[in-house]
Amino acid sequence: MYAVVGCTDCHALWLLSDPGSAETATCPRCGRRHRTGKLKRLFTAEDRETAREVRASMLADAADATATFEPPSDAETDAPVVDDDEYLDAAGVDADAVAAAGERSDRRSRSRSRPDVVRDALRELEAPDESDVVAYAAAHGVPQDAAADLLDRLVQRGEATAHGGTYRLL
């Protein structure tokens, strides 16, 4: 059995196969998980093709395109009703800003923490003094005052030593 169901959040329509046995269903457009018992079944049918055509007809009615309705192929019914950019635009969100934020997030997740940058400076530099470590850290995105504080903390915790103005990692 197949049912045409709708999301209570984004109003997407999709086909739910065997609605009686599934406990939950996830909206293919917005990703919200619904309890199948609480989903309103707009139409039910024994075969997928009939349910698919009714869903397509409902979508055509909603778009005021009933006169030009032609039953879609299987590939068209499995695809989301709108693409991500169109959905974000309708919600008043700039899709380019979302993509840029995602890229910034990816870059940050691959970056090293500030203490790791200071530790790397102690590993990579030969006989570094405080100014060498601070300069290395600043070149890798750590503010100078933060780098100096982190260097002091590493010494206080016993992770690094300072002898004659030269630092080394233990």
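Biologist: Is histidine 34 buried or exposed?
Modeller: This is a predicted model, and in it histidine 34 is buried, with a relative accessible area of 6%.

Biologist: Which strand is histidine 34 in?
Modeller: Histidine 34 sits in strand β4, which covers residues 33-35.

Biologist: What does the side chain of histidine 34 make a polar contact with?
Modeller: With the side chain of arginine 32, at 3.4 Å.

Biologist: And what is histidine 34 in contact with, leaving aside neighbours within four places in sequence?
Modeller: Cys7, Thr8, Trp14, Glu23, Thr24, Ala25, Cys27 and Leu39.

Biologist: Cysteines, then. How many disulfides does the count come to?
Modeller: The count comes to 0 disulfides.

Biologist: What about cysteine 27?
Modeller: The sulfur of cysteine 27 has its closest cysteine sulfur in cysteine 10, at 3.5 Å, which is also too far for a bond.

Biologist: Are cysteine 7 and cysteine 27 buried or exposed?
Modeller: Cysteine 7 is buried at 3% relative accessibility, and cysteine 27 is buried at 2%.

Biologist: Changing topic: where is arginine 119?
Modeller: Arginine 119 is in helix α5, residues 114-124.

Biologist: Why does arginine 119 count as buried?
Modeller: Its relative accessible area is 17%, and buried means under 20%.

Biologist: Which residues is arginine 119 in contact with, beyond four places in sequence?
Modeller: Leu154, Arg157, Glu159 and Leu169.

Technical notes:
Residues numbered from 1 in each chain as written. Predicted model: local features only at pLDDT ≥ 70, side-chain atom pairs only at ≥ 80, totals over all residues. Heavy atoms only, no water. Helix = DSSP H or I, 4+ residues; strand = E, 2+ residues; numbered from the N terminus. Buried < 20%, exposed > 50% of the residue type's maximum accessible area, 1.4 Å probe, protein only. Contact = heavy atoms within 4.5 Å. Disulfide = S-S within 2.5 Å. Polar contact = N/O pair within 3.5 Å; in protein donor to acceptor, adjacent residues only side chain to side chain.
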